[in-house]
Amino acid sequence: MGEQLKFIIEQLNKEPFKKNFNLITFDSLEPTQLLQVLNDVLAEIDPKHAIDIREEMPEQTVKRMLTVLGLLKYKPPANMSDVSDFRRGLVTGSKPVVHPILHWLLLRVPELKKRAYLARFLVKLDIPADFLQDDIINDTFHQYEELVEGFKAYHKECEQLRTSGFSTAEIKKKQDISAMEEEKDQLLKRVERLKKRVESVSNHPWMLEHARQLRVEKEREEALSHQKQEQKHQLFQAEQRLQRSQRQLKDLQQAAADASPESLMKKLEEENKINSYMVSEKLPKELEAMRRRVQYLQKMAAEPAMGQADVQELEDKIKEVDLQINQMIDRRMMRNDPMDDKLTLYRQQASIISRKKEAKAEELQEAREELASAERELKQRSSQAPAGEEVIRDDELKRLVGKLRSKGTVYKKKRQEIAELKAEYAVLQQTEDILKQRHEDIQQKLQTVEAEKGISGYSNTQEELEKVSAIKSELDERKGRALGDMSEISQVKELNSRIVDQKSALAPVIKELRTLRQTCQELSQDYEEKKAQYESCAAGLESNSSKLEQEVKSLREETANEENRYHYINSMTAIIEMQIQRAAEEVKLYVSSDPQERKKAIREAYMKNIAEQELLGKKLREQQKMVRENHSANMEQMKMWRDLEQLLECKKQCLIR
């Protein structure tokens, strides 16, 4: 176990982790910190896991880690016999569970990187067989399998090319490599010239060291600015999540504050009534209707095929039943029981109420289905969102689209500039090649002319003579400098004596300067501490001000919503008061002892209209009865009159003829 811990700490202290652990600090890590270290190692293997585990739920973290360990084919140790124990240990950040995982991962990081890369493309999707019955899904799945096979082939070819290896001679033959080598030689020559030029400057190592430190500090400043931007972005996201949580908490608190025990009991009683109605009345009726329909359909399916005679027989039966129904209605209308007349009104009201009840129950069922579908859609969107991120709202999406458009225009401009620079570079390179070719042609022509004139090698000797003359001029300059130096020896002695005097005079000043430097360093340290405190305080004040602004904005929105709600409640209250007033007047008129006042009531008017319509119906039924009784006699009388008319017409025709 000790060797395992040493190996883990040694690997974590190396690149790219740089954790700077020792045995004590690593062993004293909290479970959350230990899980974060494991997550960092997994992020090195697969970059999509580079998140802070504090920003996601523990169940999501464990589910994600178990998924990636399954893809990497990690097997728990033999002492972990139960999978639930392994999962529980991973949730709690147990050292006996996490340490073997870290040891196994750090022991084979390059291999696991390759496996994680391949797993993104080679792990096949698990699609149910029911969905594959669809032609489009089936074709898409086959196309996906073909792409996976193609990826396998290309990856094998790429690995073969990597392992095959080319000789350096073949690579050097390429024009790009040769051009790069020429550029390298030119850069090396330029560096040598710069080194020679710098060597003549005094204190050049000190200046070079400070230049190197300046470059390092600039790179560090860029990294810190980038880190600052990332932290600002993370802070903004955290503030947004905090605001959403605060709004949800406020809504819940308001709901809890508004909800008294009586109102909660009323809501629960209403829900209980609705659910009991759905269970005891609506759903059994629907179930019974569906059963009757199924029985009827089964009966229809079991019966043999019907012919035209059977259809005619059924139609005759339907006519007979309709006739019986009409006769029963007539008998009931003739009887005209006043008790039944009173009960008809209540029956109609009961049927209307039952229909309204069924309609509301159907609306409630539809609303519940819409709510369930909305919740499923919300879960689907949240599951499709990347880990640790929230679902983007419409206003945030619009703002991001605007930013992307502005960046797209900037990107297009930069790309156009790069294209122009590339075109100009190509033209310059072509011009350089042409000039080099011309120079070579001129050199060849010069050599041929020298050979013709019998002075071959004249240009080379001339260049050598020019070099020799340049070297001679440099030597002459050095001789002159040496003579000047010899003449200045006496002056140097005088200068040395002056320097000694100045040093003795400057010694107390230098001592005082050292003390001042120490005080300056102390003051600079104090300044840095105060500056850090000021920056932290300023950042806290900025965050507090942004929080207060968001709270003010949310309170204003809340105020506007409450005002709208207030006006709506006022209008509804006025309407309800008018309805209550009308109902009170109706009750007052109905209860009044004055018959004239009672006649003004709406109920009395309706009852009067109902009585008049019933009298009118009674008269019409009597007329119908009289017409039915005299119908046959009247028809015979009409037939006799038609026969008489035909007889007289016949006599008339005979007389005319």
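Residues are termed buried under 20% relative accessible area, exposed over 50%, and partly exposed in between. In this predicted model, Lys 14 has a relative accessible area of 39% and is therefore partly exposed. Lys 14 forms a salt bridge with Glu 10, with 3.8 Å between the closest N and O atoms. Glu 10 is likewise partly exposed, because its relative accessibility is 43%.

Seven salt bridges are found in a search of the whole structure. In another of these, the closest N and O atoms of Lys 113 and Glu 44 are 2.9 Å apart. This pair links distant parts of the chain, as Lys 113 belongs to helix H7 (residues 109-122) and Glu 44 to helix H3 (residues 31-45), 69 residues apart. Relative accessibility is 34% for Lys 113 and 26% for Glu 44. A salt bridge also joins Glu 432 to Lys 436, at 3.5 Å between the closest N and O atoms; the two residues lie four residues apart in helix H15 (residues 394-453), about one turn of the helix.

Glu 239, in helix H11 (residues 204-258), is buried but has no salt bridge. The nearest side chain of opposite charge, that of Lys 547, is 6.0 Å away. Beyond its neighbours within four places in sequence, Glu 239 contacts Ser 543 and Ser 546.

Asp 310, Glu 313, Glu 315, Asp 316 and Glu 320 form a negative patch, in which Glu 315 is partly exposed at 38% and lies in helix H13 (residues 308-335). A nonpolar patch, with about 560 Å² of accessible area together, consists of Tyr 568, Ile 569, Met 572, Ile 575, Ile 576 and Ile 580. Ile 575 is located in helix H17 (residues 489-591) and is partly exposed, with a relative accessible area of 44%.

Note on methods
Residues are numbered from 1 along each chain as its sequence is written. This is a predicted model: local features need pLDDT of at least 70, side-chain atom pairs count only at pLDDT 80 or more; totals for chains, interfaces and linings use all residues. Side-chain values use heavy atoms; hydrogens and water are left out. Patches are made of residues with over 30% relative accessible area and no salt bridge: like charges are joined within 9 Å, nonpolar side chains (Val, Leu, Ile, Met, Phe, Trp, Tyr) within 5 Å. Accessible areas come from the Shrake-Rupley method with a 1.4 Å probe; for residues, only the protein chains shown count as cover. A salt bridge is a side-chain nitrogen of Lys or Arg within 4 Å of a carboxyl oxygen of Asp or Glu. Lys and Arg count as positive and Asp and Glu as negative; His and the chain ends are not counted. The place of a charge is taken as NZ of Lys, CZ of Arg, CG of Asp or CD of Glu. Buried means under 20% relative accessible area, exposed over 50%, partly exposed in between (1.4 Å probe, protein chains only). Contact means heavy atoms within 4.5 Å.
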